[in-house]
Amino acid sequence: MTGPSAYARAGVDIHAGDVAVEMMKKHVATTMRSEVISGLGGFAGLFDAAALKDYRHPVLATSTDGVGTKVAIAQAMGIHTTIGFDLVGMLVDDLVVVGAEPLFVTDYIACGAVVPEKIAAIVAGIAAACVQAGAALIGGETAEHPGLLGPNEYDLAGATTGVVESDQILGPDRVQPGDRIVCLASSGLHSNGYSLVRQVLLDQAGMDLATHVDDLGRTLGEELLTPTRIYALDCLEAARTAEVHAMCHVTGGGVANNLARVMPAQVTARIDRSTWAPAPIFGLVQSVGSISQPDIEETLNMGVGMVLICPETSVAPIMALMTARRIPAWDGGVVTARGREGVAVEMGGRYQ
């Protein structure tokens with residue numbers, strides 16, 4: 001056969017996909033756990049379930065997510081090594097809130113054209129985050145979609161599976177009046193609210209990603225690409241170190257809306273804003289966009305990435321653990337009995 005194949009003429013380069021797989025293999029290899037019994041390139045990833053035999057009553061947990069329009073920032077800056085980190089953060093930090101240990105991750109990358117170096121860079125970020133979360137990257141798919149996505153465009157999503165003992169599942173049924181609310185700092189915007197952030201800072205204000213912003217201490221692009229903090233192993237260790245009743249991953253919807261998801265009907269979580277100061281990026285978005293406090297708090301995490309709900313006696317050991325792991329943490333509020341007209345979460349005080 002001479003010349004490009006019919007599929008290549010339609011815009012799909014199978015050879016480029018093969019090159020991308022070869023380039024990503026070294027990154028995937030760094031994530032391997034002893035339970036993985038399949039190699040990269042098969043039709044399905046295999047994970048030895050015999051590893052669960054040491055559990056008394058294992059329950060599998062699963063989570064799936066993407067990174068939203070943060071991919072537009074990565075594409076605009078031509079930096080593709082961190083967006084995969086965001087993907088894994090969205091996956092495993094959702095999983096851990098029920099007390100589950102992440103076991104493995106699979107990913108899906110759709111692109112307008114396969115550029116092997118770009119795909120390998122994305123997977124390198126995914127792999128680095130899997131290592132930090134203790135999960136194996138056991139499979140994935142790279143799909144070329146010419147005509148649907150531009151040559152430089154891509155999107156990614158993934159799924160993760162974990163395991164937790166049946167009697168150690170965390171959630172609303174454990175939360176009770178008197179519990180304290182320990183907040184763990186976010187690394188920035190994480191991977192939520194970027195449609196608003198992009199509209200306000202880039203479209204409305206016309207700011208340039210390469211512009212150094214004094215209040216941020218770096219360029220706007222560097223700030224917006226800050227990877228999502230991965231809390232999975234830190235939170236699991238917290239649950240081993242002290243009694244933890246529930247956890248809340250703060251994603252789209254902000255602190256109050258996400259915390260409400262783990263509040264039983266009979267209690268109210270009272271958050272004291274005065275216990276922390278949101279990073280400058282949050283104030284920048286709010287001021288430039290003239291956004292009300294309720295709106296900004298319903299969209300962005302405002303500096304809180306994860307919340308642990310625990311008895312008061314657990315606060316000190318959890319705080320000590322987070323300090324040792326270099327994660328800023330603070331006692332941000334209390335759980336009280338809900339009044340007749342009460343709500344699931346009350347935000348009080350003013351930010352520092």
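Predicted model: local features only at pLDDT ≥ 70, side-chain atom pairs only at ≥ 80, totals over all residues.
# Exercises on helix packing, a mixed sheet and a pocket

**Exercise 1.** Describe the geometry of the crossing of α6 and α10, and state which residues form the contact.

*Solution.* Two packed helices are described by the angle between their axes and the distance between the axes. For α6 (residues 194-204) and α10 (residues 280-289), the axes come within 9 Å and cross at roughly 65°. On the α6 side the contact is made by Val-197, Val-200, Leu-201 and Gln-204, which meet Ile-281, Leu-284, Val-285, Val-288 and Gly-289 of α10. Sorted by class, the residues of this contact are seven nonpolar and two polar, with no charged residue.

**Exercise 2.** Give the strand order of the six-stranded open sheet and explain why one side of β8 and of β12 is left without a neighbour.

*Solution.* The order of the strands is β8-β10-β5-β11-β9-β12, and their pairing is mixed. Because β8 (246-249) and β12 (345-348) stand at the edges, each has a single partner strand, and so one side of each lacks a neighbour in the sheet. From one strand to the next, the twist averages 25°. The pairing of β12 with β9 (residues 267-272) is parallel and extends over four bridges; Asp-272 has Gly-348 in β12 as its bridge partner.

**Exercise 3.** Identify the strands touched by α8 and by α12 where they pack on the sheet, then characterise the contact between the two helices.

*Solution.* Helix α8 touches β5 (180-185), β8 and β10 (304-310), and its direction makes about 15° with that of β10. Helix α12 (residues 312-324) touches β5, β10 and β11 (329-337), its direction making about 15° with that of β5. The axes of α8 and α12 come within 10 Å and cross at roughly 145°, in a right-handed crossing. Asp-234, Glu-237, Ala-238 and Thr-241 of α8 meet Pro-317, Ile-318, Leu-321 and Met-322 of α12, a contact that comprises five nonpolar, one polar and two charged residues.

**Exercise 4.** Determine the volume of the second largest pocket and describe its lining.

*Solution.* The second largest pocket holds about 310 Å³ of space. It is lined by 16 residues, of which Gly-99, Val-164, Gln-168, Ala-239 and Arg-240 are the closest to its centre. By class, the lining has eight nonpolar, two polar and six charged residues. At least two residues of the lining come from each of β4 (154-165) and α8 (232-241).

Notes. Residues numbered from 1 in each chain as written. Heavy atoms only, no water. 1 Å grid on protein atoms, 1.4 Å probe; cavity = no way out; pocket = protein on both sides within 12 Å on 5 of 7 lines; lining within 4 Å. Points joined across faces, edges and corners; volume = space filled by probe spheres on them. Nonpolar A, V, L, I, M, F, W, Y, C, P; charged D, E, K, R; others polar. Axes fitted to C-alpha atoms, helices over the stretch in contact; angles between N-to-C directions. Contact = heavy atoms within 4.5 Å. Pairing = 2+ DSSP bridges. Left-handed = near helix turned anticlockwise from the far one by under 90°.
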